[in-house]
Amino acid sequence: MKIAIGNDHAGTEYKLAILGLLKSKGIEINNHGTDGSDSVDYPDFVHPVAKDVAEGNVDWGIIICGSGNGASMTANKHQKVRAALCWTKEIVQLAREHNDANILSLPARFIALPQALEMVKTFLDTKFEGGRHERRIEKIPCM
């Protein structure tokens with residue numbers, strides 16, 4: 001499995017912890033995020049993650065900013081991307097099962113770090129249900 005990850009300054013601590021989790025599971029990582037706390041612009045780090053996902057260079061993506069909103073809005077501008085802004089592991093599970101989310105967007109300023117790690121585990125472990133949900137996914141691309 002290969003995952004792209006990107007973050008702005010608000011998500012650095014979370015990204016570093018998530019990298020540790022991913023590495024412990026033997027997952028290959030494309031790290032597009034900043035490693036510092038100096039203010040940066042999230043699109044500069046989210047677009048490369050979304051591009052990796054859209055082009056099939058990675059299986060999934062994880063993006064992190066303060067609210068998660070800017071990151072998910074940016075990622076969802078890319079065709080073939082279904083970025084889900086999640087704040088509980090139950091929402092993560094539904095985003096994978098029903099929406100086949102391929103990017104997890106985390107709001108670093110609104111969730112605790114242990115919660116974020118549980119959400120990433122849920123994202124990795126949950127499969128898309130397909131069936132009736134597949135028909136809905138096929139209606140997402142711009143017409």
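Helices and strands here are DSSP runs, numbered from the N terminus. The model is predicted.

**Sheet**

Five strands form an open sheet in the order β2-β1-β3-β5-β4, and their pairing is parallel. The edges are taken by β2 (28–31) and β4 (83–85); each has a single partner strand, so one side of each is left without a neighbour in the sheet. From one strand to the next, the twist averages 20°.

Inside this order, β1 (residues 2–7) and β3 (residues 60–65) run parallel and are joined by 5 bridges. Ile3 stands opposite Trp60 in β3. Helix α5 (residues 113–125) packs on the sheet, where it touches β1, β3 and β5 (103–107). The direction of α5 makes about 170° with that of β5.

**Helix pair**

Two packed helices are described by the angle between their axes and the distance between the axes. For α1 (residues 12–24) and α5, the angle is about 45° and the axes are 10 Å apart. On the α1 side, the contact is made by Glu13, Tyr14, Ala17, Ile18, Leu21 and Leu22. On the α5 side, Leu113, Ala116, Leu117, Val120, Lys121 and Leu124 take part.

**Cysteines**

How many disulfides does a search of the whole structure find? The count is 0. A disulfide needs a pair of cysteine sulfur atoms within 2.5 Å.

| Cysteine | Nearest cysteine sulfur | Distance | Relative accessible area |
|---|---|---|---|
| Cys65 | Cys86 | 13 Å | 3% |
| Cys86 | Cys65 | 13 Å | 1% |

Buried means under 20% relative accessible area. Cys65 is buried, because its value is 3%. Cys86 is buried too, with 1%.

**Positive phi**

Most residues other than glycine have a negative phi. Lys80 has a positive phi of about 75°, although it is not a glycine. Where is Lys80 placed? Its place is in the loop between α3 (69–75) and β4. Lys80 is exposed, with a relative accessible area of 61%.

Asp100 also has a positive phi, near 50°, and is a residue other than glycine. Asp100 lies in the loop between α4 (89–99) and β5.

How values were computed. Residues numbered from 1 in each chain as written. Predicted model: local features only at pLDDT ≥ 70, side-chain atom pairs only at ≥ 80, totals over all residues. Heavy atoms only, no water. Pairing = 2+ DSSP bridges. Helix = DSSP H or I, 4+ residues; strand = E, 2+ residues; numbered from the N terminus. Axes fitted to C-alpha atoms, helices over the stretch in contact; angles between N-to-C directions. Contact = heavy atoms within 4.5 Å. Buried < 20%, exposed > 50% of the residue type's maximum accessible area, 1.4 Å probe, protein only.
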